[in-house]
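Please read these points with the model open beside you.

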Amino acid sequence: MNTSPHPAAEPGMAGPADPADSADSARVADVAIVGYGPVGQLLAALLGRHGYEVVVIERYGGIYPMPRAVHFDHEVARILQSVGIRPDTDPIIEPYDDWYEWRNANRQTLLRVDWRGVGPSWWNTANFFAQPDLERELDARARKHPTVTVRRGLRAVAVDQDRDGVTVTVRPTGDSGAEGEPHTVRARYLVGCDGANSTVRNLLGLELTDLGFFFDWLILDMIPNEPMTFDPPAWQLCDPARPTTIVPGGPGRRRWEFMALPGEDVNDLNKAETAWELLRPWGLTPDNAELERHTVYRFQAHWADEWRAGRVLIAGDAAHLMPPFAGQGMCAGLRDVFNLAWKLDLVLRGAADDRLLDTYGPERSPHVRHFIDVSIGLGKVICVPGQEQAAERDRELMAAIADPALAPAPPPAPRLGPGVFADGDEQAGLLSIQSRVEYDGCTGLFDDVVGHGWFVLIDAHPGPRAAGAVALTAASRAVLARLGAKVLRVGAPDSPDAEVVDLDGRYAGWFADLGAEAVVIRPDFYVHAATDAAGLDGTLRALGARLAAPAPDRK
Ligand SMILES: Cc1cc2nc3c(=O)[nH]c(=O)nc-3n(C[C@H](O)[C@H](O)[C@H](O)COP(=O)(O)OP(=O)(O)OC[C@H]3O[C@@H](n4cnc5c(N)ncnc54)[C@H](O)[C@@H]3O)c2cc1C
């Protein structure tokens, strides 16, 4: 059994170590990354795009093949869009457009999660895929940058840091399990993306807060070899006799998850014959489907209290873990490094003080807590092993469906915690939107035709709310130059001075919702500030002060 989301070793995973590089110890990378799951891969791709020297240390010889993530949301779709992985063209992604239902043993609806349509980032609210497929694509996006070196077959065993950088001691891992001679890798910063049992986190002594949620589940990835329909396509059977998850598993695949019952031996559960027995009521047999992979995981919920110690940071499952009922664990990890990458960029190029990195954990941690709480809430609906408890749950949830006034208020939109935001701004820390625009003679999604980075979008839609001319002082123009920020007027097709044409009117609605004439957007798509045109100059000068001039001894 894999009692954590990452087993110690899988057959065929060890692989030969990349040849030890005698120059390793002498070379200083900008960033070393320990762990090359999706989170380490995305960080390598993002830093490689900026031309940084990145060295990745990964203990396994190949992509981890076991069944894990199958779902990502619209925001993560936009993050993936930034590295050229797109739900509209990529055959590994299946956009979803339906409800996600929770039903009791009698198939009565207990809960409905609305996964229909598109989200604020333009992409579908829910998208399905198989994690090994996505990892292959992310790996290719990282490796295409010549400054990214991926060293597989090396296990990080020690981390030492000093005033100028971090030294990671690595040992080659081998098929035999024997480890080779250690050598060291040196970098200015180290990011531990090394999963739930993170060596980096443990070596730094970063404490975990654990919510004490533990349930074992058998996970099956199935490839039906004849057409099969499922209604609804994604749902949870909250039957205490065998809580079961039935969801898409990416193009051509379906995912089943079966909870281990109290007292059940998980080693017996994790057998192919048990899997087929559990699948029989669902109409799947070896004649009409292939059991691609199976494993047992222990679902847990915890987070690290600190995400930084000096020049070392942690991200992804190394920093937080949640049960997969909301399909958000990997999503949260990808958001972590999307936040961290632009901060590392500013610090590494001397455009911001190293203290900017102190904002990473405090910003990300409350956002992750939101999804941990949602996931635990959903887990408490399904992980109910007793008939009486289940009957009580059914009564409460069905009463809430019959009379929405009895339902708990939906949680507020997830928001980043305190960090690089305008003080007292109610919109700061919320996600921005993406829509279709025309810019510089090209039509397409904003990120595709305008690009990435810091933006100041000024409302140029006609009407009483249109921002007038925006006067910026030399000080705020210097901040924009330091950030490489673009200032753009966004208006309707008939706006006389629109540089970005809002083709679907979504930006007009968004400015109105924010009550803002100008919005400062960070490279991770979060709102730094929403202000009137007159307040923009002060907002930018305050941002400049927050980033602070780099201290000479930290460069
Ligand atoms: C059953 C299941 C279903 C899930 N479904 C979803 C879903 O639908 N949506 C979603 O968003 N998330 C989901 N998740 C969560 C998702 O799989 C994880 O959050 C994600 O894999 C975390 O990525 P990571 O890169 O942080 O860590 P990992 O993918 O665990 O990668 C860590 C890497 O670090 C390496 N490593 C570890 N220690 C060392 C060391 N000392 N030296 C060198 N290398 C090391 C490991 O070999 C590994 O390759 C699910 C998880 C499970 C178990």
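1. Start with α7 and α8, which are roughly antiparallel to each other (the label is for angles over 145 degrees; under 35 is roughly parallel, 65 to 115 roughly perpendicular, the rest oblique). Helix α7 spans residues 329-348 and helix α8 residues 360-382; their axes come within 10 Å and cross at roughly 165 degrees. Axes are lines fitted to C-alpha atoms, for helices over the stretch in contact, with angles from 0 to 180 degrees between N-to-C directions. The crossing of α7 past α8 is right-handed (the near helix is turned clockwise from the far one by less than a right angle; anticlockwise is left-handed).

2. Which residues of α7 and α8 make the contact? From α7 come Ala332, Arg335, Asp336, Asn339, Leu340 and Lys343; from α8 come Tyr360, Glu363, Arg364, His367, Val368 and Phe371. Contact means heavy atoms within 4.5 Å. By class, five of these residues are nonpolar, two polar and five charged (Ala, Val, Leu, Ile, Met, Phe, Trp, Tyr, Cys and Pro count as nonpolar, Asp, Glu, Lys and Arg as charged, the others, Gly among them, as polar).

3. A note on provenance. This is a predicted model, in which local features need pLDDT of at least 70 and side-chain atom pairs count only at pLDDT 80 or more, while totals for chains, interfaces and linings use all residues. Residues are numbered from 1 along each chain as its sequence is written, and side-chain values use heavy atoms, with hydrogens and water left out.

4. Now α1 (residues 38-49) and α3 (residues 131-143). Their axes come within 8 Å and cross at roughly 25 degrees. The two helices α1 and α3 are therefore roughly parallel to each other. Here the crossing is left-handed. Pro38, Gln41, Leu42, Ala44 and Ala45 of α1 meet Gln131, Glu135, Leu138, Asp139, Arg141 and Ala142 of α3. That contact has six nonpolar, two polar and three charged residues. Helices (H or I, at least four residues) and strands (E, at least two) are DSSP runs, numbered from the N terminus.

5. The largest pocket holds about 1,500 Å³ of space. Its lining has 44 residues; Val113, His370, Val374, Pro410 and Pro411 lie nearest its centre. Two or more lining residues come from each of β3 (71-73), α2 (74-81), β6 (109-115), α8 and α9 (387-402). Helix α8 gives the most, with eight residues. The lining divides into 28 nonpolar, eight polar and eight charged residues. On a 1 Å grid over the protein atoms alone, a pocket is an open set with protein on both sides within 12 Å along at least five of seven lines; a cavity is a set of points where a 1.4 Å probe fits but cannot get out; lining residues have an atom within 4 Å of a point. Grid points are joined across faces, edges and corners, and a volume is the space filled by probe spheres set on the points.

6. There are three cavities of 30 Å³ or more. The largest cavity has about 110 Å³ of space. It is lined by 15 residues, with Arg78, Phe446, Phe455, Ile521 and Phe525 the closest to its centre. Both α10 (446-449) and β24 (455-459) supply at least two lining residues.

7. Two backbone points to inspect. The Asp231 to Pro232 peptide bond is cis, with omega near -5 degrees. Pro232 sits in the loop between β13 (215-224) and β14 (234-238). Arg107, in the loop between β5 (98-104) and β6, has a positive phi near 65 degrees. Most residues other than glycine have a negative phi, and most peptide bonds are trans.
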